[in-house]
Amino acid sequence: MVNSNYEYSQTLLGTTVSLTIHEANEAVAQAVFTTIKILEDKLTVNRPMSEVMSINSAAGKHPVVVSWPVFNLIKQALQISLQPNSYFNCAIGPLVKLWKIGFKGQQVPTDEQIKQHLLLTNPRDIELNRKNHSIFLKRKGMEIDLGAIAKGYIADVIKLVLLKHNIHQAIINLGGNVLTIGDSPLSDDKCWHIGLQKPFSKNQELIGIIKINNSSVVTSGIYERFFYQKNHLYHHILNPQTGYPLDNELDSVTIISKSSLEGDIYSTILYGLGVSKACEYLQNHKSLAAIFLLKNKTIVLANTDNFCFQLLDKQYQIKL
Ligand code: ADP
Ligand code: MG
């Protein structure tokens, strides 16, 4: 066990991104941050220009040829969006922009506005051309939004960058997406210890500690971006069927998986399914593990072979 570690951090992806390795290596840290910047520039929809924005600006007009990473990520996102009754929809952009949750001007739209915008979120209206890597949104006003999965995809790419630089023990935190590589040199149990945040806590209190090796931990929660109107909480994970924020018994879903992209996809999908259907799903998908935080302060753990969980907050009760 070593006692020292080196943490490098920068503000990127609208959050604090940090990399922890156990020997100082400025060159590796720079390679990591540069890769994040390059991918963020391609994938973001929160700035006027990016590859995804150029697809969105050409909606209803013409296809746009994009780089391989953008094409590949949209191809995967589309596959999941097209699954029957999927709670994940990469064409959700017009609704995200309408609600503006977490941004200036956030507001509850009218039912009529929601109905109109829903018409522009059909993933079947996204056309991919595998020959020239072009993407066409068939209706004017459509918008691809990769906000739910961009960080996961980027975390997985960073892992490849670190392995290429011969770093086999590291932890990357992209704010909500934590990816660990190898064992931890920092603790006797060789596990990386990752704090599970208490929903709506103002001073970053933890409910417990997740202990894992060589895995990703991703949390989607209703407390990350939200606002109140007339005592009702509106949060940033939308139901693609209704156009309103998903509403169920859950405060958050944390997924433990091999890749961070999987974690991102399933944290949204399983959040949408709700705890009992999500647990049924996980019984047939043992490579994914999950921690569900319920509003009634119950914690449900699923597929616990893949991780350990240490409860810190005694207000919560664990149900296996
Ligand atoms: P974060 O990690 O940024 O807090 P999530 O990974 O939970 O957020 O994803 C939320 C973001 O995903 C939203 O801000 C929006 O951009 C997008 N989004 C919202 N609802 C959906 C949905 N049903 N399917 C796909 N993307 C969504
Ligand atoms: Mg996500």
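This is a predicted model: local features need pLDDT of at least 70, side-chain atom pairs count only at pLDDT 80 or more; totals for chains, interfaces and linings use all residues.
Local features need pLDDT of at least 70 and side-chain atom pairs count only at pLDDT 80 or more, while totals for chains, interfaces and linings use all residues. Residues are numbered from 1 along each chain as its sequence is written, and side-chain values use heavy atoms, with hydrogens and water left out.

Ligand 1 is surrounded by 17 residues, a residue being near a molecule if one of its heavy atoms lies within 4 Å of it. The closest are Tyr87, Asn89, Ser220, Glu224 and Leu238. By class, eight residues of the shell are nonpolar, four polar and five charged. At least three residues come from each of domain 1 (51-137) and domain 2 (187-319), with bounds from an automatic or database domain assignment.

Polar contacts are pairs of N or O atoms within 3.5 Å. A nitrogen atom of ligand 1 lies 2.8 Å from a polar backbone atom of Leu238. Ligand 1 taken alone exposes 570 Å², of which the protein buries 94% (Shrake-Rupley method, 1.4 Å probe).

The magnesium ion (ligand 2) has Ala148 (O) and Asp264 (OD) as protein donors, at 2.3 to 2.5 Å; donors are N, O and S atoms within 2.8 Å of the metal (3.2 Å for Na, K and Ca). Ala148 belongs to the loop between β5 (134-137) and α6 (150-164), and Asp264 to helix α7 (residues 260-273), 116 residues apart. Asp264 is buried at 4% relative accessible area, whereas Ala148 is partly exposed at 33% (buried is under 20%, exposed over 50%, partly exposed in between; 1.4 Å probe, protein chains only).

Notes:
Chains are lettered from A and ligands numbered from 1 in the order in which they are written. A polar contact is a pair of N or O atoms within 3.5 Å; within protein, one must be able to donate a hydrogen and the other to accept it, and residues adjacent in sequence count only if both atoms are side-chain atoms. Ala, Val, Leu, Ile, Met, Phe, Trp, Tyr, Cys and Pro count as nonpolar, Asp, Glu, Lys and Arg as charged, and the others, Gly among them, as polar. Helices (H or I, at least four residues) and strands (E, at least two) are DSSP runs, numbered from the N terminus.
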